[in-house]
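Good morning, everyone, and thank you for coming.

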Amino acid sequence: YRGISEYFDPGGILLADPPTGLVARRINATTVELDFAVAEGADAHRVYVAVGGQRFDGGTAYGQPPVRIENLNPETPVAFRLHSINVAGEGWGSRIVTARPSARPAQVLVIDSFDREDGWVQTQDNRKDTLLHHGLALWNSPHAFDSADEAAVVAGRVNLQDYEALVFSFGRES
């Protein structure tokens, strides 16, 4: 995409990269807050929501982080994918993050640490949906949970001491 775009329009504006450093944090029984690092050149963001493992909705545009998603179903895991928007249009989707809106404090933080892509693990092997699967697996547990990607943890966007358990998902890292 970048190569072809730069060939036909040298110096033109490209789609912004997806947001990184994602955190989905349960605020209360019906609200989840999304925090993330804004990609260079992004003017706004479209947030797609999937409730209870269903398909993602048509998305809603928001400005800069943090973004609060309200009126969610209590105790039902919800997943989010974010896209950056600029004058060139809507870019590609971020990693998926998930949380369970609950009146209880989140006890578990699930962290997506699967970022390997090389000759053995390629894009089709890492669909960036690891946290969706973990969120659905935790659905039948009694625990409220938040999630983040590894970049958010490294950047200090999440205090690990706020949680009783940490689950790192490494995928095919080793």
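This is a predicted model: local features need pLDDT of at least 70, side-chain atom pairs count only at pLDDT 80 or more; totals for chains, interfaces and linings use all residues.

Let me begin with His45, which is found in strand 3; helices (H or I, at least four residues) and strands (E, at least two) are DSSP runs, numbered from the N terminus. Residues are numbered from 1 along each chain as its sequence is written, and side-chain values use heavy atoms, with hydrogens and water left out.

Is His45 buried or exposed? His45 is buried, because its relative accessible area is 0%; buried means under 20% relative accessible area, exposed over 50%, and partly exposed in between, with a 1.4 Å probe and protein chains only. Leaving out residues up to four places away in sequence, His45 touches Pro19, Phe36, Val38, Thr60, Ala61, Tyr62, Gly63, Gln64, His83, Ser84 and Ile85, where contact means heavy atoms within 4.5 Å. With one of these residues there is also a polar atom to look at: the backbone oxygen of Gly63 lies 3.0 Å from a polar atom of the His45 side chain.

Now let us step back to the whole chain, which has 3 helices and 11 strands and in which 44% of the 174 residues count as buried. Among contacts between residues at least 6 apart in sequence, 69% join residues at least 24 apart.

Next comes the nonpolar core, a term for a set of buried Ala, Val, Leu, Ile, Met, Phe, Trp, Tyr and Cys residues joined through side-chain atoms within 4.5 Å. In soluble globular proteins, nonpolar side chains tend to be buried together. Which members of the largest core, with its 20 residues, touch the most other members? They are Val32, Leu34, Val47, Ile69 and Phe80, and the elements giving two or more residues to this core include strand 1 (20–28), strand 2 (31–37), strand 3 (44–51) and strand 6 (78–86). A second, separate core has 9 residues, among them Leu109, Ala152, Val153 and Val158. Returning to Phe80, and leaving aside its neighbours within four places in sequence, its contacts include Ala24, Tyr48, Phe56, Leu72 and Arg95.

An open sheet of 6 strands has the order 5-2-1-10-9-11, with mixed pairing, and two strands pair if DSSP finds at least two bridges between them. Its edge strands are strand 5 and strand 11 (165–169), each of which pairs on one side only. Strand 1 and strand 2 pair in the antiparallel sense over 6 bridges, and a hairpin joins them through 2 residues. Strand 1 is also joined to strand 10 by 2 bridges, again running antiparallel, with Ala24 standing opposite Ser147. Strand 9 and strand 10 (residues 145–149), by contrast, pair in the parallel sense over 5 bridges, and Val108 has Phe145 as its bridge partner in strand 10.

Finally, consider helix 2, whose buried residues are Thr130, Leu131, Leu132 and Gly135. These buried residues pack against strand 6, strand 8, strand 9, strand 10 and strand 11.

Note on methods: A polar contact is a pair of N or O atoms within 3.5 Å; within protein, one must be able to donate a hydrogen and the other to accept it, and residues adjacent in sequence count only if both atoms are side-chain atoms.
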